[in-house]
Amino acid sequence: MEALIPVINKLQDVFNTVGADIIQLPQIVVVGTQSSGKSSVLESLVGRDILPRGTGIVTRRPLILQLVHIDQEDRRKTNEENESKKNGRLYRGIDGEEWGKFLHTKNKIYTDFEEIRQEIEAETERMSGNNKGISDEPIHLKIFSPHVVNLTLVDLPGITKVPVGDQPRDIEIQIRELILKYISNPNSIILAVTAANTDMATSESLKVAREVDPDGRRTLAVVTKLDLMDAGTDAMDVLMGRVIPVKLGIIGVVNRSQLDINQKKLVADSIRDECAFLQKRYPSLANRNGTKYLAKTLNRLLMHHIRDCLPELKTRINVLAAQYQSLLSSYGEPVEDKSSTLLQLITKFATEYCNTIEGTAKYIETAELCGGARICYIFHETFGRTLESVDPLGGLTTIDVLTAIRNATGPRPALFVPEVSFELLVKRQVKRLEEPSLRCVELVHEEMQRIIQHCSNYSTQELLRFPKLHDAIVEVVTSLLRKRLPVTNDMVHNLVAIELAYINTKHPDFADACGLMNNNIEEQRRNRMRDLPSAVPRDKSLKGPGGQSPSPTEPPALQGEVAKAAAGGSQSGPVSEQMDSGTGTWRGMLKKGEESAVSDRAVPQNPLTASPQKGHAVNLLDVPVPVSRKLSSREQRDCEVIERLIKSYFLIVRKNIQDSVPKAVMHFLVNHVKESLQSELVGQLYKTALLSDLLTESEDMAQRRNEAADMLKALQKASQVIAEIRETHMW
C-alpha cells in the first residue's frame, strides 16, 4: 500500500516530461479562504518554510507539491535518480538530507529551502506579473525528505470576494473557476481549510466543495487557528462533527502565528507546542487532531483513493495510448522513397474517390447523403420532382392558344384546327424542360466537387501531411470536372433539341391519348344533339362526309361549307379515310369537332344585326381587339382539343427527358471522371521535377509527429508502471 503514492508521483513525472495534463491523477487539493491558514498547513506537513508569506493574496499560481519520503539507507538510490551528466562525469551535487526540485529548472537541486521560496516567488511573478493577478499555469515542486510522508498536494489561491489594489475586477470569478478546475477532478481529495474563529456554517471552502462533491465522499475538513478562538469558547462541537458533519472527518490543527514566523520559529517546535495545546484544551480528542495525525490521515486516504482509481486510470491510459498510436500513424513516417510514396497517394485518392461514388468507401458518412447516394437523390428526388412540378400548360392561356390557331390559318377561315398551331405551342412548352435539366447537371457537378473534400477529410488523411500535393490533386480533379461540364451541358441541350426537332404525332402513347379524347368529344356531341329542341330534326342537323345534303332551310353559306366538307371526305381514298376519319388520330378527332361545330352555326342570324347602320362608316382598323371575351362554342372546343393534345404530348416528352438526362450525366460526367481520374492525376503530377515540391511536409507536421511520439511513449511507460504495481499487490 505504501508504494502506491510513489507510483502516482512517478506517473506525474512521466506526464510532466511531455507537458501534458490529459490524465487526472489522484491528488489532494487544498481549498480555503484567503488567510485561513492553507499555506501554514502545507508547511507543517513539509516541516520547512518553503511558501511565500505576506499580506493579502500571496499564492497566485497553483503549486503542485509532491512529498517523497526517503530513508537514510535509500539515499544512494534517490541520488541516482537525480544524477545528471556534466563534462562527461556523473555528479550528485546533494548536500544534506532534504532537497527540492522544480520542473521548470530541470535537474537543478535546491538544498536551501529559502532559495526554494524565492524561486516560487520569482516564477509566480514571471507568469502572473506583479499586480496581484493570478495564473492557472501550475508550478511543480518535489520535496525529498525523511521527515515527510508520501503525498501529492495542490495549493491554490485563497477565495476572496473584493478586489484589492490593482487586482482585476473579476478576481473572485477567476479564483473560483481555478478552484473548480482542480476539485472537479473525480480522482482528487478536497482538503477544505476553515479557521476556527469563524462560523463553520459560513465556510466558503466547504460550500465550494459541496458543489462538486455533494455526498462528501472525497472531502476532508481542517480547522485551523484553534488557539485564536474567543475566550470561553471551544471547537469541541465542530471537531466532533455536530455542527457540519463531514464523511472523511474533521481535523483541528494549530499553526504558527505571524509573530512566530517573524521570529523564525521552527516548524518542529511549533508541532511540539501544538501537541501540548491539544492535550491541555482537548484531551479527549488530542490523538485524533494535530499536524502529525493530519499527515497520516492524508497519506492513508490518498493510498486508498489511489487503489480505487487505479483500474479506471489504467483503462484511461490504454485508451489514450490507442488514440495517440492512431494519430501517429496518420502522421506517417518520414518519406524515403518519394516516387513510390507519390504514386501510392495518388492511387489511394483515386480509389477512394471512385469508392465514394460507388458507395463502397471505408468511411461511410452518417450525418448526410454523400457521393453516389447524393447523386441518386438528385436524379430521382430533386430532378424528378422538379420535372413533375412543371405544369404542361404553364404560362399558356386560352387566348394564346386561340391566337396561335388563327395565326396558323392565315387570311382564310379554316374548317379544321391547323397542325402548325399544335407544333408551335407544344415546342414552346417542351422548351421549359431544358432549365431544370441543366440545373440537374450543375447539382451533380457540385456533388462531385464535394467528394474531393470528403476524401481529403476522412479517407486519405495522409494528404494533410503534404499540403502542396493536396492542393495539386484538388486542382487536377477540379479542372477535369470543369472540362466535362460543358460537354455534359451540350448533351443535355441536344436531348431537348432532339425532342423539339420532330414532333412525333404517331407516337403510340400519343395515338392512344388522341383516341380516348376523340371518344369523349363524340360523347359530348351526342349529348348536345339530344338536348336540341324537337322542332329541329336531329337526323338532318348534319350528315357524314358521304351522307345527304343539309336541309333546304339552312343558309346558303352553311350549305357551301357542308358541301366542301363532304367533297373533302369523298375525295379521300382508303388511306385518307384511315388518316383523317379514324378515331385513333388527332386529325380525325378535330374533323369530328368541326362537324359538330357546323351544327352550332345552323341557326340563321338576323342580317340587320350583322350589318352596320346606314350613313355610318366603320373603320375596322380602329376597332380594338378584345383581350378577353366569351369564346364561341367552336373556339372553346378548338382550344380544349389543342390543350389536351399539348398536355398529352408534353407528358410523353417529360418522361423521355426524365429518363435520358440522368443517363447522359452519368455517361458524360460521372463515369468519364471515374475512368480517367487516376490517369489524369498520374499524367499531371507524377513527374520527377515535382516530387520534392509536392512531398514537402507542412511546417508543424514534424513537430506534431514528435509530440505525438513523446506522448505515446509517456502513456506506454505509465501503463507499464501501473501494470507493475498491480502485479505486486495482486490487484
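## Basis

The model is predicted: local features need pLDDT of at least 70, side-chain atom pairs count only at pLDDT 80 or more, and totals for chains, interfaces and linings use all residues. Residues are numbered from 1 along each chain as its sequence is written, and side-chain values use heavy atoms, without hydrogens and water.

## The sheet

Nine strands build an open sheet with mixed pairing, in the order S6-S5-S7-S2-S8-S1-S9-S10-S11. Strands (E, at least two residues) and helices (H or I, at least four) are DSSP runs, numbered from the N terminus. Two strands pair if DSSP finds at least two bridges between them. S6 (109–110) and S11 (250–252) are the edges; each has a single partner strand, so one side of each lacks a neighbour in the sheet.

S5 (residues 99–102) and S7 (residues 139–145) run antiparallel, joined by four bridges. Lys101 stands opposite Lys142 in S7.

## Helix packing

Helix H6 (residues 204–212) lies across S1, S9 and S10. Its direction makes about 155° with S9. Axes are lines fitted to C-alpha atoms, for helices over the stretch in contact (heavy atoms within 4.5 Å), with angles from 0 to 180 degrees between N-to-C directions.

## Aromatic pairs

The whole structure holds five aromatic pairs. Rings of Phe, Tyr and Trp (its six-membered ring) pair if their centres lie within 6.5 Å; planes under 30 degrees apart count as stacked, over 60 as edge-to-face and the rest as tilted. Trp99 and Phe144 have ring centres 5.3 Å apart and planes at 20°, so they are stacked. Trp99 is in S5 and Phe144 in S7, so the pair ties together parts 45 residues apart in sequence.
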